Amino acid sequence: MDCLRLSARQLRTKRLRVALTVLGIAIGVAAIIGIVALGEGIRSQAIETIQTQSDLTLIEVHPQTDQNVTQLITRARVDQLRSLSHVTAAAPVFTDSYATKKQTFLQILAVKGDEIDQVLRLKYASGEVFSPGAYEGVVGADLSTMLQRNEGIRIGDTFIAMVREYDVVGMPSDREVSLKVVGALGGREDQFDRVMLIDMETAALIRGTDRGYDTVFLRVDDPDQVFSVVDRITGMGLEATGAFEQIRAVNQFMDAIMIVFMLFALFALVVGGLMITTTMITSVYERTREIGITMAVGASENDVIRLVLYECLLIGIIGGIAGGSLESCSLR
Amino acid sequence: MTAGIRTESLTKQFANGVTALRDVSITIAPGEFVALIGRSGSGKSTLMNIMGGLDTPTAGSAYFDGEKIDYKDRKRLIVLRRTQVGFVFQQFNLLPTLTARENVAYPLLFNYTPRMERDVLAMRLLTLVGLEKRADHLPHQLSGGEQQRVAIARALVSNPHLILADEPTGNLDSKSSAEIYQLMRHINQVQKITFLVVTHERELASYCDRTIELRDGTVVA
């Protein structure tokens, strides 16, 4: 403490030089804080935008082929996914495609009504959910508009869907199936606006084969837990996609940017350090006599170094505080 | 409290080839007040620096209180300077940013002596040299004689066995010089501290028990 006080007094004798050094360090520190704050601000803003515009807690799980081994989604896998912590609901689905007689393409999502509702929290613009086993379907908002405009199909109407099949030599043939549109979903601004949901058992009967699952939709209870759930899914050899990928992309991009920013910051720090070094070297050269006296009265080399380092420390602390205050004022 | 110092064939040659000391063998008994005289460049200060552990000899040995000084043992030399030897310089060499009291207490900082104790000791010594009322003055506010008194007080603060004074009155008028010599002599007689005073003024040597004269690095008397 006494050494620190002595060092402080020593600094007071070179006020101008110390002030200039402190100013240099302060500008460097302010620049560092500013750069980091700017980078983190951009990152935070981007993530906030994604969170407000996307359904972040919805994860799509797909089979994945790795080294020629495909991890299929079986009922057991679905149960495994459903039992993951923070997963509140799971809805396995398979996809198919039909067409109307006027060749309007129908992207079919074969689901179980209660499961998909738990995951997607469906809101109906009109009508209601299909009955299990019935030849009924619910259309997304965009598809509903398209069917109404192009085909004149409204809620409650039954239409003929063309199901394309191929024989053993690959010749296509279309089978006609009557489907009733029993409901239309409200606009969601996602892929479900353009699909038709039908009961899984019905879809299997129409296709005549058990297709297995293409995708499992998972609902996670907390946006902060999404990445940990994704890690566990990929650990099972499955592929996970969703809005979280945008956050991951933003984070990766910002990490790269921050590395560049940090290089600038490092440069500023090195310059600050060099300024302190220059000041102290000058100071030490000017005080050769004083240092000699100090050693003559019994100080060791380490004692002298400690006195000089305390001065460096004080300059650094004052510069750091000044820089922080400067940046705090400018940010305000 | 007192300690003698002895040198045996001390030789000091500088890197530029100049030989400052040649086979210097002297003995100073405990409690003696000895003047080391000689012209400028005769090797007085070099001898004093070697005896105080500030410099190292090229050859020869020095013994402090019968114990050989190991010039390779830097820690031992630091302890020697810190606890057993006090220095008084021609230029006073007070730290300009410290008050008289702080200058006197300065060596104790490196002994980790508590601040209160340092202040008490410093004031006691400033009283001894007659400067208790100037304790809070900075060196530039003191006269040359007063500064040297402060320097003497600083040399005494570690309770040393030996005080090495290098031209302590070189920058003082004759009246102040006499006062400083009287003060040192008083301390020598009362506290029995050994003094080796380097000077080139023969008349001041009259204050001393005896003189040792150096000429061109060799003891001549």
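1. Helices H3 and H4 of chain B. In this predicted model, helix H3 (residues 100-109) of chain B packs against helix H4 (residues 115-128) of chain B. Their axes lie 9 Å apart, at an angle of about 120°. Angles of 65 to 115 degrees count as roughly perpendicular and those over 145 as roughly antiparallel; H3(B) and H4(B) are therefore oblique to each other. The crossing of H3(B) past H4(B) is right-handed.

2. Residues in that contact. H3(B) contributes Ala100(B), Arg101(B), Val104(B), Ala105(B) and Leu108(B). From H4(B) come Arg118(B), Asp119(B), Leu121(B), Ala122(B), Met123(B), Leu125(B) and Leu126(B). Sorted by class, the contact of H3(B) with H4(B) has 9 nonpolar and 3 charged residues, with no polar ones.

3. Contact between the chains. Chain A puts in 13 residues and chain B 15 residues. On the side of chain A that touches chain B, helix H1 (2-12) and helix H9 (288-296) of chain A each supply at least two residues. H1(A) gives the most, with 4 residues. The classes on this side of chain A are 5 nonpolar, 4 polar and 4 charged residues.

4. Chain A overall. Chain A has 10 helices and 12 strands. Of its 332 residues, 29% are buried. Among contacts in chain A with a separation of 6 or more, 78% join residues 24 or more positions apart.

Key: Residues are numbered from 1 along each chain as its sequence is written. Chains are lettered from A and ligands numbered from 1 in the order in which they are written. This is a predicted model: local features need pLDDT of at least 70, side-chain atom pairs count only at pLDDT 80 or more; totals for chains, interfaces and linings use all residues. A residue is buried if 20 or more other C-beta atoms lie within 10 Å of its own, exposed if 12 or fewer, and partly exposed in between; C-beta atoms are placed from the backbone. Two residues are in contact if their C-beta atoms, placed from the backbone, lie within 7 Å. Axes are lines fitted to C-alpha atoms, for helices over the stretch in contact, and angles run from 0 to 180 degrees between N-to-C directions. Angles under 35 degrees count as roughly parallel, over 145 as roughly antiparallel, 65 to 115 as roughly perpendicular and the rest as oblique. A crossing is left-handed if the near helix is turned anticlockwise from the far one by less than a right angle, and right-handed if clockwise. Ala, Val, Leu, Ile, Met, Phe, Trp, Tyr, Cys and Pro count as nonpolar, Asp, Glu, Lys and Arg as charged, and the others, Gly among them, as polar.
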